[in-house]
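Open the model in your viewer and colour it by secondary structure. This tour goes from the whole chain to the sheet and then to the cores.

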Amino acid sequence: MRIITKEFRVYKYEELREKAKEKVKQKYIGHLDPYDFTYNVMEDLKNIGLQNLRPYYSLSYCQGDGLCLVGHIDFDEISPELKKIFCKDFLLSDHKIFKSLKEYSRIEFNHIGKYYHKYSVEIDVYLDGNLNTKKYQNHRKIANKLIENITDWYMDKCDEYEKWGYEFFYGISDEELQDFCDGMEYEFLEDGTIFN
């Protein structure tokens with residue numbers, strides 16, 4: 001019988017070469033749970049009173065990538081802060097119609113196409129089909145003004161969340177990764193493979 005032992009050179013994260021550090025970083029990124037990012041965005045939306053919007057995204061630094069919000073906003077979800085944004089430049093008569101919209105309408109964010117970015121969503125205000133023609137036309141006019149303001153808000157929100165996403169998935173610094181590896185007491189082979 002023979003016993004053979006093999007020696008390994010084992011390194012701490014800070015001792016690795018750049019190529020090995022990049023391998024460690026890619027492994028770390030590969031183990032991130034996208035649900036955590038989705039949850040963060042949904043919690044932020046809930047903090048401003050929006051319960052029924054969900055992010056969809058593709059964040060791979062490729063053409064067609066981005067983030068969009070899909071779902072709906074019920075009028076009773078619109079906080080005073082959001083109302084200021086959504087009803088920007090409304091006249092007094094517009095506010096009266098806006099108030100009546102609450103009873104039977106909602107704002108829809110519908111995904112179109114096969115990509116997930118801020119331009120892949122159609123925003124519309126669905127109105128009650130029981131309105132008479134004149135009332136419907138007045139409501140549609142206000143709904144169109146509302147859509148313009150919401151679209152501006154929506155585009156800014158998508159940009160903000162997309163930035164969050166890239167930061168979440170790719171933004172770990174060398175120091176943060178070193179702290180993580182030190183905290184987990186990881187050691188590595190020369191090529192960046194975790195040593196058990």
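How many helices and how many strands are in the chain? There are six helices and six strands. Keep in mind that this is a predicted model.

**The whole chain**

Starting at the N terminus, the elements follow the order α-α-β-β-α-α-β-β-α-α-β-β. The radius of gyration is 25 Å, well over the 16 Å that the globule rule gives for 196 residues, so the chain is more spread out than a compact globule. Turn the view to its principal axes: the C-alpha trace spans about 95 × 30 × 30 Å. Of the 196 residues, 37% count as buried.

**The sheet**

Next, select the four strands β1, β2, β3 and β4. They form an open sheet in the order β1-β2-β3-β4, and the pairing is antiparallel. Find the edge strands, β1 (53–58) and β4 (121–126), each of which pairs on one side only. Look along the sheet for its twist, which averages 25° from one strand to the next.

Zoom in on β1 and β2 (residues 66–74). These two strands run antiparallel and are joined by six bridges. Pick Pro55: its bridge partner in β2 is Leu69.

Now show the side chains of β1. Which residues are on its covered face, and which on its uncovered one? Leu53, Pro55 and Tyr57 make up the covered face. Arg54, Tyr56 and Ser58 make up the uncovered face.

**The largest core**

Select Leu69, Ile73, Ile107, Phe109, Leu146, Trp153 and Tyr154. Within the largest nonpolar core, which has 39 residues, these touch the most other members. Colour the contributors next: α2, β1, β2, α3 (80–86), α4 (92–101), β3 (106–111), β4 and α5 (133–170) each supply at least two residues of this core. Which element gives the largest share? That is α5, with eleven residues.

Centre on Ile107. Leaving aside residues up to four places away in sequence, Ile107 touches Gly71, His72, Ile73, Phe75, Ile78, Ile123, Asp124, Val125, Leu146 and Ile150.

**The second core**

Finally, select Ile172, Leu177, Cys181 and Phe188. They are among the nine residues of a second, separate core.

**Last view**

Zoom back out and show the surface. The accessible surface of the chain comes to about 12800 Å², and 49% of it belongs to carbon and sulfur atoms.

Methods: Residues are numbered from 1 along each chain as its sequence is written. This is a predicted model: local features need pLDDT of at least 70, side-chain atom pairs count only at pLDDT 80 or more; totals for chains, interfaces and linings use all residues. Side-chain values use heavy atoms; hydrogens and water are left out. Two strands pair if DSSP finds at least two bridges between them. Axes are lines fitted to C-alpha atoms, for helices over the stretch in contact, and angles run from 0 to 180 degrees between N-to-C directions. Buried means under 20% relative accessible area, exposed over 50%, partly exposed in between (1.4 Å probe, protein chains only). A nonpolar core is a set of buried Ala, Val, Leu, Ile, Met, Phe, Trp, Tyr and Cys residues joined through side-chain atoms within 4.5 Å. Contact means heavy atoms within 4.5 Å. The radius of gyration is taken over C-alpha atoms; the globule rule is 2.2 Å times the number of residues to the power 0.38. Accessible areas come from the Shrake-Rupley method with a 1.4 Å probe; for residues, only the protein chains shown count as cover.
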